[in-house]
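User: I am new to this structure. Please take me through it in short steps.

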Amino acid sequence: MDDSRDPHPTAPAERARRLTTLLAPWAALLVGGGVLVVIGLVVDWLIGGSGVMTGLALVTTGVAAALMIWTDRRRGTRTPVTPGRAVRHLGLALVVVAVLIQAVPYGRAHSNPPVTGEPDWATPRTRELMVRACYGCHSNEVDWPWYADVAPFSWITTRHVDEGREAVNYSEFATRGGSDDTIEVILEGSMPPAYYTRFGLHSSAKLTDAEIAELVEGLRATPGIGEEHEGGEHEGGEHEGGEHDDD
Ligand code: HEC
């Protein structure tokens with residue numbers, strides 16, 4: 001036994017080297033995961049993802065960590081580890097997560113229940129503009145896009161339509177009522193939501209100022225939408241029985 005050598009790797013340099021070897025891939029994983037999360041946040045903001053993309057970035061980071069632990073166990077911890085390995089695991093985890101989420105049933109239905117009662121649109125042009133700008137989320141005539149078949153975009157699209165229909169469904173307006181803020185949200189520019197027409201998507205939903213003026217004029221002459229509801233205390237579903245506009 002050579003006593004001049006410390007049998008335990010406690011020398012500061014050796015300890016530091018071991019620690020670096022141990023932590024480097026995890027640090028790389030954290031940085032990589034952090035980048036994914038930031039991308040998730042930005043994409044969520046751009047497409048109205050409500051945290052779905054951010055959540056998937058976190059899940060992907062978790063899966064990458066699990067993959068790293070699993071391969072370490074399988075090969076023994078002596079395997080030389082590099083930050084590049086963490087990046088490869090993140091890439092692999094991304095593919096695994098992207099494939100697995102396709103099995104989630106939510107977002108497949110693409111429902112379009114029967115139309116039970118549209119507003120009595122003032123003119124066919126009023127309806128045409130509403131269909132272009134609003135029916136993608138507030139009707140039972142949703143034209144489901146191709147990416148509504150691909151998770152997680154299918155989830156996000158379905159959520160927009162579910163929440164949109166819940167707020168106001170122009171296909172059930174006469175039977176179910178709904179928000180009477182139609183004119184207000186159009187004039188504010190809050191509807192259609194900004195994400196809906198980003199990247200040239202649904203370009204026909206982006207109405208020009210002239211079209212907006214034309215639409216608002218038509219809506220003002222549409223019963224149930226144009227009538228001002230003073231007081232604002234009343235919720236949707238209230239009907240003024242039998243009252244009719246006559247020309
Ligand atoms: C991409 C889907 C989408 C499109 C297109 C869209 N909306 Fe919406 N709308 C929603 C969602 C989701 C909500 C509920 C959450 C919210 O208020 O943002 C909503 C809420 C509303 C509300 C209720 C808001 C309130 O404060 O009472 C009104 C009214 C409305 N939308 C009208 C419209 C009109 C009019 C158009 C067309 C000019 C339109 N929306 C286009 C998704 C959409």
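This is a predicted model: local features need pLDDT of at least 70, side-chain atom pairs count only at pLDDT 80 or more; totals for chains, interfaces and linings use all residues.

User: Is F199 buried or exposed?
Analyst: F199 has 9 other C-beta atoms within 10 Å. The cut-off for exposed is 12 or fewer. So F199 is exposed.

User: Where does F199 lie, and what is its phi?
Analyst: F199 lies in the loop between helix 7 and helix 8. Its phi is positive, in a residue other than glycine. The value is near 55 degrees.

User: How does H202 count, and why?
Analyst: H202 is found in the loop between helix 7 and helix 8. Its phi is near 45 degrees, a positive value in a residue other than glycine. H202 has 17 other C-beta atoms within 10 Å, so it counts as partly exposed.

User: What pattern does the protein chain follow along the sequence?
Analyst: The protein chain has 8 helices and 0 strands. Read along the sequence, that gives α-α-α-α-α-α-α-α.

User: What share of the residues of the protein chain count as buried?
Analyst: The protein chain has 247 residues. A residue needs 20 or more other C-beta atoms within 10 Å to count as buried. The share that does is 26%.

User: Among contacts with a separation of 6 or more, what part comes from residues 24 or more positions apart?
Analyst: The contacts in question are those in the protein chain with a separation of 6 or more. Residues 24 or more positions apart account for 75%.

User: Which element gives the largest share of the largest nonpolar core?
Analyst: This core has 16 residues, and L29, V52, A64, A86 and L90 touch the most other members. Helix 1 (12-47), helix 2 (52-75), helix 3 (83-100) and helix 5 each give two or more residues to this core. The largest share is 6 residues, and it comes from helix 2.

User: Which residues does A64 touch, not counting residues up to four places away in sequence?
Analyst: A64 is one of the core residues that touch the most other members. With residues up to four places away left out, A64 touches L29, H89, L90 and A93.

User: How many residues are in the other core, apart from that one?
Analyst: Among its members are A133, V161, V168 and M191. This other core has 15 residues.

User: Why do the buried residues of helix 4 lie on the same side?
Analyst: The buried residues of helix 4 are T126, L129, M130, A133 and C134.

User: Which helix gives the most to the shell around the ligand?
Analyst: There are 20 residues around the ligand, and C134, C137, G164, S179 and M191 come nearest. Helix 4 (124-134), helix 5 (153-167) and helix 7 (182-188) each give two or more residues to the shell. The most, 4 residues, comes from helix 5.

User: How does that shell divide by class?
Analyst: The shell around the ligand is sorted into nonpolar, polar and charged residues. The counts are 12 nonpolar, 6 polar and 2 charged.

User: Is C137 buried or exposed, and what does it contact beyond its neighbours within four places?
Analyst: C137 lies in the loop between helix 4 and helix 5. It is buried, with 23 other C-beta atoms within 10 Å. Leaving aside neighbours within four places in sequence, C137 is in contact with H160, V161 and G164.

User: Which peptide bonds are cis, with P152 and P192 in mind?
Analyst: P152 is in the loop between helix 4 and helix 5, and P192 is in the loop between helix 7 and helix 8. Omega is near 5 degrees for the cis bond from A151 to P152. For the cis bond that joins M191 and P192, omega is about -10 degrees.

Key:
Residues are numbered from 1 along each chain as its sequence is written. A residue is near a molecule or strand if its C-beta atom, placed from the backbone, lies within 6 Å of it. Ala, Val, Leu, Ile, Met, Phe, Trp, Tyr, Cys and Pro count as nonpolar, Asp, Glu, Lys and Arg as charged, and the others, Gly among them, as polar. A nonpolar core is a set of buried Ala, Val, Leu, Ile, Met, Phe, Trp, Tyr and Cys residues joined through C-beta atoms within 7 Å. Two residues are in contact if their C-beta atoms, placed from the backbone, lie within 7 Å.
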